[in-house]
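Subject: Structure handover

Hello,

Here is the structure I said I would pass on. Please look at it first; my notes on what was found follow below.

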Amino acid sequence: MNPKECVLVVDDDRVQADTLARVLTLEGFEARVAGSGTEALEALDKGGIDLVLSDLKMPGMDGME
């Protein structure tokens, strides 16, 4: 069996991020959630992420950074 593609969902609104992660999981993806740009960078450093879906407007580090 092929490994699932892993999507990192980055959003400071935890409810939105968790909802999107659940939908992605139901569609057959592995989904991880990060609540900030800093958390997202830490997850990316660990590896295994194939795609990032990020909120653009977040406090601190925004989605474009």
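In these notes, contact means heavy atoms within 4.5 Å. This is a predicted model, in which local features need pLDDT of at least 70 and side-chain atom pairs count only at pLDDT 80 or more, while totals for chains, interfaces and linings use all residues. Residues are numbered from 1 along each chain as its sequence is written, and side-chain values use heavy atoms, with hydrogens and water left out.

Overall layout

The protein has 2 helices and 3 strands (DSSP runs numbered from the N terminus: H or I of at least four residues for helices, E of at least two for strands). Along the sequence they follow the pattern β-α-β-α-β. Of the 65 residues, 23% count as buried (buried is under 20% relative accessible area, exposed over 50%, partly exposed in between, with a 1.4 Å probe and protein chains only). Among contacts between residues at least 6 apart in sequence, 60% join residues at least 24 apart. The protein exposes about 4,600 Å², and carbon and sulfur atoms supply 55% of that area (accessible areas come from the Shrake-Rupley method with a 1.4 Å probe; for residues, only the protein chains shown count as cover).

Asp 11 and Asp 55

Asp 11 sits in the loop between β1 (6-10) and α1 (14-26). Which residues does Asp 11 contact, leaving aside its neighbours within four places in sequence? They are Gln 16, Ala 17, Ala 34, Gly 35, Asp 55 and Met 58. The side chain of Asp 11 also reaches the backbone nitrogen of Asp 13, at 2.8 Å.

Asp 11 is buried yet has no salt bridge (a side-chain nitrogen of Lys or Arg within 4 Å of a carboxyl oxygen of Asp or Glu). The nearest side chain of opposite charge is Arg 14, 9.5 Å away (Lys and Arg count as positive, Asp and Glu as negative; His and the chain ends are not counted).

Asp 55, one of the contacts of Asp 11, lies in the segment after β3. Asp 55 counts as partly exposed because its relative accessibility is 22%. The C-alpha atoms of Asp 55 and Val 9 are separated by 8.3 Å, although these residues are 46 apart along the chain.

Salt bridges

Side chains of opposite charge can pair when their charged atoms come close. How many salt bridges does a search of the whole structure find? It finds 2.

One joins Asp 18 and Arg 14, at 3.5 Å from N to O. Both residues lie in helix α1, 4 residues apart, which is about one turn of the helix. Asp 18 is partly exposed at 26% relative accessibility, and Arg 14 is partly exposed at 43%.

Another joins Arg 32 and Glu 30, whose closest N and O atoms are 3.1 Å apart. Arg 32 has a relative accessible area of 30% and so is partly exposed; Glu 30, at 33%, is also partly exposed.

Nonpolar patch

Leu 20, Val 23, Leu 51 and Leu 53 make a nonpolar surface patch of about 300 Å². The elements giving two or more residues to the patch are α1 and β3 (51-54). Patches are made of residues with over 30% relative accessible area and no salt bridge; like charges are joined within 9 Å, and nonpolar side chains (Val, Leu, Ile, Met, Phe, Trp, Tyr) within 5 Å. Leu 51 is in strand β3 and is partly exposed, with a relative accessible area of 44%.

Regards

Definitions and conventions
A polar contact is a pair of N or O atoms within 3.5 Å; within protein, one must be able to donate a hydrogen and the other to accept it, and residues adjacent in sequence count only if both atoms are side-chain atoms.
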